[in-house]
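Visitor: I'd like to learn how to read a model feature by feature. Could you put it up and walk me through it?

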Amino acid sequence: MSDYDAVLDLWRVSGFTIRPLTDTREGIERLLVRNPGLSIVALDGELLVGCALGSHDGRRGFLQHVAVSPASRGLGIATKIVDICLERFRALNLGWVHLDVVEGNDVAMSFWQRIGWGPRDELTRLSFCLLD
C-alpha cells in the first residue's frame, strides 16, 4: 500500500480508467489482503516504473492493470512482471490466468499476443455494476 499513490500516477499516465470503487485505496487494499504476494511493482532505483495486480478465485488467476511507464517501455519490464506473477500463480496450482484488454488497445493486444497470450473466442465477458 505504500506504493499506492505512485501506482495511481502510473495508471493515469498509462491511460488507464481509474474505477471509483475498486481502484480506491480501500479497494486495492482489499485485493492485496486477499491475495498476498500476487501484486508487484517494478522499481528503477526509487522510481516506480511498472506494476501488476494479481488475484485468484482458487481455480483461476487474474492479472489487472499491468502497466509500465511510457519512458521505460521496450526494456522487458512488463514481460518480467508477468513472468513473476505467473510463477506465483503456478505455485498456487491455478489452471488458467486471465486478463482483459480494452477494445481498441492495439499496443496492449500486440504485447500480450507476442508473449504467448491468446483470445478465448468461446467466452464473452459480462459484467454487473454494484454501484448506484
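**Reading the contacts**

Guide: Ser55 touches Leu31, Asn35, Leu38, Arg60, Gly61, Phe62 and Phe89, leaving aside residues up to four places away in sequence; contact here means heavy atoms within 4.5 Å. Keep in mind that this is a predicted model, where local features need pLDDT of at least 70 and side-chain atom pairs count only at pLDDT 80 or more, while totals for chains, interfaces and linings use all residues. Residues are numbered from 1 along each chain as its sequence is written, and side-chain values use heavy atoms, with hydrogens and water left out.

Visitor: Where is Ser55 found? And is Ser55 buried or exposed?

Guide: Ser55 sits in strand S2. Helices (H or I, at least four residues) and strands (E, at least two) are DSSP runs, numbered from the N terminus. For burial, the cut-offs are under 20% relative accessible area for buried, over 50% for exposed, and partly exposed in between (1.4 Å probe, protein chains only). Ser55 comes out at 11%, so it counts as buried.

Visitor: How do I read a sheet, then?

Guide: Strands of a sheet pair through backbone hydrogen bonds, either parallel or antiparallel. Two strands count as paired if DSSP finds at least two bridges between them. Here you have an open sheet of four strands in the order S1-S2-S3-S4, with mixed pairing. S1 and strand S4 (96-98) are the edges, each pairing on one side only. From one strand to the next, the twist averages 25°; axes are lines fitted to C-alpha atoms, for helices over the stretch in contact, with angles from 0 to 180 degrees between N-to-C directions.

Visitor: In which sense do S1 and S2 pair?

Guide: They pair in the antiparallel sense, over five bridges. Look for Asp44, which stands opposite Leu47 in S2.

Visitor: What about the nonpolar side chains?

Guide: In soluble globular proteins, nonpolar side chains tend to be buried together. A nonpolar core is a set of buried Ala, Val, Leu, Ile, Met, Phe, Trp, Tyr and Cys residues joined through side-chain atoms within 4.5 Å. The largest one in this model has 21 residues, and Leu63, Ile81, Val82, Cys85, Phe89, Trp112 and Trp117 touch the most other members. At least two residues each come from strand S1 (40-44), strand S2 (47-56), strand S3 (60-68), helix H3 (77-91) and helix H4 (106-114).

Visitor: Which element gives the most to this core?

Guide: That's H3, with seven residues. There is also a second, separate core of 11 residues, with Tyr4, Leu10, Trp11 and Ala67 among them.

Visitor: How far apart in helix H1 are Arg12 and Asp9?

Guide: They are three residues apart, about one helical turn. Their side chains also meet in a salt bridge, at 3.8 Å from N to O. The salt bridge between Arg60 and Asp57 comes in at 2.4 Å, again N to O.

Visitor: Last one: how should I read a positive phi?

Guide: Most residues other than glycine have a negative phi. His65, in strand S3, has a positive phi near 50°, and at 12% His65 is buried. Asn93 has a positive phi too, near 60°. Asn93 lies in the loop between H3 and S4 and, at 68%, is exposed.

Key:
Salt bridge = Lys/Arg side-chain N within 4 Å of Asp/Glu carboxyl O.
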